[in-house]
Amino acid sequence: MPLFNRTELEAAAALVYDHMSPTPQYTWPLLNAAIGAEVWVKHENHGPTGAFKVRGGITYIDWLQRTQPSIRGICTATRGNHGQSQARAATAAGMIAKIYVPEGNSSEKNAAMAAFGGEVIVHGDDFDVARVEAMRVAEDEGLAPVPPFHPELVRGVSSYALEFFAAAPALDTVYVPIGCGSGICSVITVRDALGLKTKIVGVVSTEAQAAKLSFEAGRLIETNTAKTFADGMAVRIPVQEAFDIYSRGAERIVAVSDAEVADAIRTYYRCTHNVAEGAGAAPLAALMQECDVMRGKQVGVIHCGGNIDTEQFVTVLNGAVPEV
C-alpha cells in the first residue's frame, strides 16, 4: 500500500500551489545527445528556495498549525535546503524557527536560512550530531521538533512527483538522490498511487553509503563518516521509516563519487546552463555511470537543488573537485 492515496496526494499538491507554482520538467537536446537517451529533468532548482524541500515545509507547518495550534515555533537540523523550507514556512505562519547545522556547513545556505527568518545555530561535526542536539533543544524549549523524515514532509514533496509523472508518464527509470529519504519515498509513493511501472533508482555518495548498505543488507547500517561536498546526501544514520519504503520500492541504489558529481555539475551547466548543487547533480551522475544500460530509453533525473556555494561552483567549473 502506498503511504498516501491519490486523493490525499492531490490535496497536498493543492495546498502547495497556494504557496508556490509547479516547477518545470524539460528534455534538453544536448543532454540527450551526451547520455544517448531521452532524459527528462525535473527542475526543483526552479522553486522559491532553489530546492525541492520547500514543498514539505508547506505541508508540515500547515499540519502543525492544525494539530498543535498553540505551538510557538519549531526546531530542526539540516545541511541547508530543509532548513530554508522550514524557516520560510514557519516564519510565514508567525512561528520562530531554530535551525541547527554542523560546523563547516555551507555559508550561503546558512545565509539563506537566516534570510528566510531562521535562527541558525552551529553544533557538532556533522548533520547527525546536529540532529540529536536539535531534537533535545526542541524538547527542552517546548518547540515542535521537525525530524528529517515525516509523513507530512513526504506528502508535500510528493507534489513534484505528481507533476513529473503527469508530464512524462512513460519514463522507464527515475534517478533520485537519497539523504534522509523524503525525495525517493515521495517518488515511490506517487509511482505506486498512480499504478505506474517506472523503476526508481536511489543515488548516494560513495562517501555516505548508509542507505545503499542498508538496502543491500536488508537492515539499517550506519557509517562512521559522511564527508562529501554533496551535502544533501551527507547522512551517516539512515531513517527507519524511509528505509521501510525505499527498501521495498526502489529497484537499486547507485553510489557516485565526488568526482562523478562534479562532472555531472559541469554537464548540467554545459548542456542546460542550469546550476546544480552536489545532491542535485547526483542523479545525473548515476545516469552517466549507467548510460550504456539506459541507452535509447526514456529516463528521468531529479534536479533536486541548485544551492551550491559560489566558491565550490567555481572550483567545479575549473575542472576540480571541492575539498570537504
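Colleague: Which residue is the bridge partner of Cys75 in β4?

Modeller: Lys98 of β4 is the bridge partner of Cys75. Keep in mind that this is a predicted model.

Colleague: Noted. How many bridges join β3 to β4, and do they run parallel or antiparallel?

Modeller: They run parallel, and 5 bridges join β3 (residues 73–77) to β4 (residues 96–101).

Colleague: What's the strand order in that sheet?

Modeller: The order is β5-β4-β3-β6, an open sheet of 4 strands with parallel pairing. β5 (119–122) and β6 (144–146) are at the edges with a single partner strand each, so one side of each has no neighbour in the sheet. On average, neighbouring strands of this sheet are turned by 25 degrees against each other, direction ignored.

Colleague: Which strands does α6 lie across?

Modeller: Helix α6 (residues 127–141) lies across β3, β4 and β6, and runs at about 160 degrees to β3.

Colleague: What hand does the β-α-β unit of β7, α8 and β8 have?

Modeller: Right-handed, with α8 covering residues 182–194.

Colleague: What do the buried residues of α9 pack against?

Modeller: They pack against β8, α10 (240–249) and β9. The buried ones in α9 (residues 210–217) are Ala210, Ala211, Lys212, Ser214 and Phe215.

Colleague: Lys212 is in there too, okay. What follows α9?

Modeller: Gly218, with a positive phi near 80 degrees.

Colleague: Last topic, α1 and α7. At what angle do their axes cross?

Modeller: Roughly 95 degrees, and the axes of α1 (residues 6–17) and α7 (residues 151–167) come within 8 Å.

Colleague: Which residues make the contact?

Modeller: From α1 you have Glu8, Leu9, Glu10, Ala11, Ala12, Ala13, Val16 and Tyr17. The α7 side has Arg155, Gly156, Ser158, Ser159, Leu162 and Glu163.

Colleague: How many of those in the contact of α1 with α7 are nonpolar, polar and charged?

Modeller: By class, that contact has 7 nonpolar, 3 polar and 4 charged residues.

Key
Residues are numbered from 1 along each chain as its sequence is written. This is a predicted model: local features need pLDDT of at least 70, side-chain atom pairs count only at pLDDT 80 or more; totals for chains, interfaces and linings use all residues. Side-chain values use heavy atoms; hydrogens and water are left out. Axes are lines fitted to C-alpha atoms, for helices over the stretch in contact, and angles run from 0 to 180 degrees between N-to-C directions. Helices (H or I, at least four residues) and strands (E, at least two) are DSSP runs, numbered from the N terminus. Contact means heavy atoms within 4.5 Å. Ala, Val, Leu, Ile, Met, Phe, Trp, Tyr, Cys and Pro count as nonpolar, Asp, Glu, Lys and Arg as charged, and the others, Gly among them, as polar. A crossover is right-handed if, with the strands pointing away from the viewer, the path from the first strand over the helix to the second runs clockwise. Buried means under 20% relative accessible area, exposed over 50%, partly exposed in between (1.4 Å probe, protein chains only). Two strands pair if DSSP finds at least two bridges between them.
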